[in-house]
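Thanks for making time this morning.

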Amino acid sequence: MRLPKFEYLEPKTLQEAVRALASDAKRSVLLAGGTDLLVNMKHRVIEPKQVINLKTIPKLAYVKNVKDELRIGALATLHDLSSSRVIQERFPILSHVATKVGAYALQAMGTLGGNLCQGNRCRFYNQSAFWRGAKPPCYKAGGKLCHVVRKPGECHSTYCGDMAPVLIALEAQVRVVGPNGERVLSLSKLYSRDGKRPLSLRKGEILKEVLIPPPSGKTLYLKWRRRESIEFPIVSLALHIEKDGTEKIGKARIIFSAVGSGPVETIGAEEMLESSSLDNRTIERVSNQAAKEISPMRTSIYSPSYKRRMAGILLRQALENFQIPNPK
Amino acid sequence: MEVRGKEVVVKRIITLNVNGEEFEFLTEVHRTLLEVLREDLGLTGTKRGCDLGTCGACTVLIEGKPYLSCLTLAADVQGKKIVTIEGLAQDGEPHPLQKAFVQKGAIQCGFCTPGMILMAKAFLDENPNPSEEEVKQAISGNICRCTGYTKIVEAILSLTHK
């Protein structure tokens with residue numbers, strides 16, 4: 001499969017990239033690792049006029065402590081994350097999850113920014129032009145009707161990233177640079193939950209950096225997928241729990257991937273968990289509650305009811321892990 | 001830039017460092033490293049499997065790290081040290097990994113082998129003493145339809161200190 005033709009830019013500064021992007025935002029794309037973008041270009045679901053390479057901009061890939069905060073440049077690769085001493089010591093969960101995204105080559109090529117900003121996925125969208133030729137183009141690919149729910153104007157494609165749920169659970173923020181300057185927002189707000197335009201970035205904006213406050217409590221990430229290394233999740237879960245000094249739960253965050261058009265935080269389940277002690281009855285109730293709060297769509301070969309059940313099971317497993325006196 | 005009718009064709013002169021040699025040539029910017037290696041440089045050891053980054057047959061080493069050449073733009077890796085399977089043997093002597101694969105019977109049709117060996121090399125360079133489980137994880141992105149992986153893992157482990 002050949003790539004379609006495009007104009008190729010190698011900006012030397014982030015400002016240059018922002019200007020290039022803003023000048024033709026609808027027909028421009030950003031290139032980081034390329035492991036998501038190039039596949040979609042080969043499938044012809046994306047055919048940009050202009051590809052802007054971010055790797056030619058110096059000083060966008062770093063992992064550093066700034067006072068108490070951990071700051072990671074958007075172009076840091078997943079391998080940079082998993083092998084970073086700083087991250088292994090302060091946030092071992094991030095180091096671990098970076099190795100769960102995909103196999104070794106994908107960790108060497110793939111960037112944190114790219115993983116956070118990855119395109120949403122759907123069995124009707126992420127297919128070759130040949131395969132998609134059997135039906136009219138779907139709404140996300142520029143056509144009229146979504147093939148998942150046969151209605152116009154709404155895309156149900158699924159967000160399947162691994163780093164986002166964990167970073168949201170860690171209360172991460174992102175710094176975004178655009179034609180009107182910089183802004184910092186919570187990572188959760190980066191996601192519009194709109195399948196067709198999954199990121200809330202404004203025209204010309206580029207994700208520059210991820211900022212993580214000092215660690216507290218304990219975070220787990222469970223990824224349920226068919227093959228143990230190379231796939232997107234069927235459903236995955238980041239669970240963050242802080243005990244309040246007694247044996248009760250102080251703060252809890254429960255964030256799922258692959259069950260909605262953005263990362264899904266099950267707030268009702270969190271509220272049920274907070275101020276509880278982690279007994280078996282609570283675990284049962286919380287898992288059932290979380291399964292009720294998600295609305296997975298039929299965007300993959302796994303049925304929504306299967307995803308719902310697995311979401312509840314994963315949450316139960318994760319919570320049981322916190323029952324053990326010294327969870328690993 | 002050249003304009004043919006309504007089509008704008010964008011070509012560049014790029015310089016690639018492959019297996020220690022510099023190659024300079026004119027190419028269209030939308031070509032992947034895999035295409036350039038196989039079609040322009042005649043280095044057909046690197047294989048086109050799925051072309052989508054899921055099988056690992058196109059694995060090459062760039063600055064010692066494994067990369068999927070089917071998802072890499074040739075123009076993007078100028079100035080970087082690229083090693084293909086053809087670059088492993090030194091002075092006609094096969095690399096220890098290549099010898100181990102042959103000795104252990106880790107090659108059947110041979111299609112996954114270049115990618116598998118390069119992935120193993122990148123991994124062992126970073127991790128000279130892995131466990132069996134770590135080896136399996138390291139090659140988990142390289143699909144083999146023939147061998148069932150057992151001999152491949154044995155071949156790689158035979159080069160560790162265990």
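Let me begin with a term: a residue is called buried if 20 or more other C-beta atoms lie within 10 Å of its own, exposed if 12 or fewer, and partly exposed in between, with the C-beta atoms placed from the backbone. By that criterion, buried residues make up 40% of the 162 residues in chain B. Please keep in mind that this is a predicted model, in which local features need pLDDT of at least 70 and side-chain atom pairs count only at pLDDT 80 or more, while totals for chains, interfaces and linings use all residues. Residues are numbered from 1 along each chain as its sequence is written, and chains are lettered from A and ligands numbered from 1 in the order in which they are written.

Staying with chain B, its C-alpha trace spans about 60 × 30 × 25 Å along the principal axes. Helices (DSSP runs of H or I, at least four residues) and strands (runs of E, at least two) are numbered from the N terminus, and chain B has 5 helices and 7 strands, which run β-β-β-β-α-β-β-β-α-α-α-α from the N terminus on. Two residues are in contact if their C-beta atoms, placed from the backbone, lie within 7 Å; of the contacts in chain B with a separation of 6 or more, 57% are between residues 24 or more positions apart.

In helix α1 of chain B, residues 33-40, the buried residues are B:Leu33, B:Leu34, B:Val36 and B:Leu37, and their cover includes strands β4 (21-28) and β5 (59-62) of chain B. Just after α1(B), B:Gly42 takes a positive phi of about 70 degrees.

Now to where the chains meet: 23 residues of chain A are in contact with 24 residues of chain B. On the chain A side, β1 (7-9), α2 (37-42) and α6 (104-109) each supply at least two residues, and the largest share, 5 residues, comes from α6(A).

Leaving aside neighbours within four places in sequence, its contacts include A:Thr77, A:His79 and A:Val101.
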